[in-house]
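Here are some exercises to work through with the model open beside you. Try each task before reading on to its solution.

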Amino acid sequence: MKKNIIYIVILVILGCIFFIPGLQLKLKEAFFPVAAIEKAVHIAPEDYDVELKGINVASTNLKNFKDKPMFLNFWGTWCPPCRKEWPSIQKLYDGRKGHVDFVLIAMNDQEDAVRKFLKENNYTVPVYIAQSPISEKLLPKAFPTTFLLDKTGRIIIKEDAATNWDAETVHQFIDNIIK
């Protein structure tokens, strides 16, 4: 009798997985993150055309980072969650700067405030201020917002909250995109 109940429960669970599309997709993304990567959004070449004024590096254009893996972060000195995640970004940068381009864009900020923040905290991650409009695909709705892009411009990770960027899972994603 107990075996029959167990079999019925298993059949109901399998039935739900196969016949409820939303549930199947959520389980697939949870257990097979590659499936989520395959349907990722790509950044178009024209979306990269953003003039960047370098704060602690030379000025450039975002399109110079196209065709390379990139850690792209939008933040502000006025944003407490942005400030909170900076130590982990610096650690990630220290360990991965040879494999991934780091582009941190200070938003709604004064250049002097950004320079002061970087100097007071001894941060060396490349920081810029956008000098031209940013594409709607990239323009953040919340701060901080971070994208991890592969060399084809595919968004592998999009996070719009403070995150521990020095976590092992982030390092694994980076290892996978630099192959």
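The exercises below concern a predicted model.

**Exercise 1.** Find the buried residues of helix α6 and work out how they are arranged around the helix.

*Solution.* Start with the list: in α6, residues 168-177, the buried residues are Val 170, His 171, Ile 174 and Ile 177. Next, look down the axis of α6: these buried residues fall within an arc of 125°, so they line one face of the helix. Finally, check the packing partners of the buried residues: α4 (80-96), β6 (145-149) and β7 (155-159).

**Exercise 2.** Locate Asp 109 and describe the surroundings of Asp 109.

*Solution.* Begin in the loop between β4 (101-106) and α5 (111-121), which holds Asp 109. Asp 109 is buried but has no salt bridge, and the nearest side chain of opposite charge, Arg 83, is 7.2 Å away. Then follow the side chain of Asp 109 to the backbone nitrogen of Thr 77, at 2.5 Å. Beyond the neighbours within four places in sequence, contacts of Asp 109 include Gly 76, Trp 78 and Ile 129.

**Exercise 3.** Classify the ring pairs that Phe 71 makes with Phe 102 and with Trp 165.

*Solution.* Take Phe 102 to begin with: the ring centres of Phe 71 and Phe 102 are 5.1 Å apart and the planes lie at 35°, so this pair is tilted. Phe 71 belongs to strand β3 and Phe 102 to strand β4, 31 residues apart. With Trp 165, Phe 71 forms an edge-to-face pair, at 5.2 Å between centres and 90° between planes.

Key
Residues numbered from 1 in each chain as written. Predicted model: local features only at pLDDT ≥ 70, side-chain atom pairs only at ≥ 80, totals over all residues. Heavy atoms only, no water. Buried < 20%, exposed > 50% of the residue type's maximum accessible area, 1.4 Å probe, protein only. Helix = DSSP H or I, 4+ residues; strand = E, 2+ residues; numbered from the N terminus. Arc of directions from axis to C-beta. Contact = heavy atoms within 4.5 Å. Lys, Arg positive; Asp, Glu negative; His and termini not counted. Salt bridge = Lys/Arg side-chain N within 4 Å of Asp/Glu carboxyl O. Polar contact = N/O pair within 3.5 Å; in protein donor to acceptor, adjacent residues only side chain to side chain. Phe/Tyr/Trp six-rings, centres within 6.5 Å; stacked < 30°, edge-to-face > 60°.
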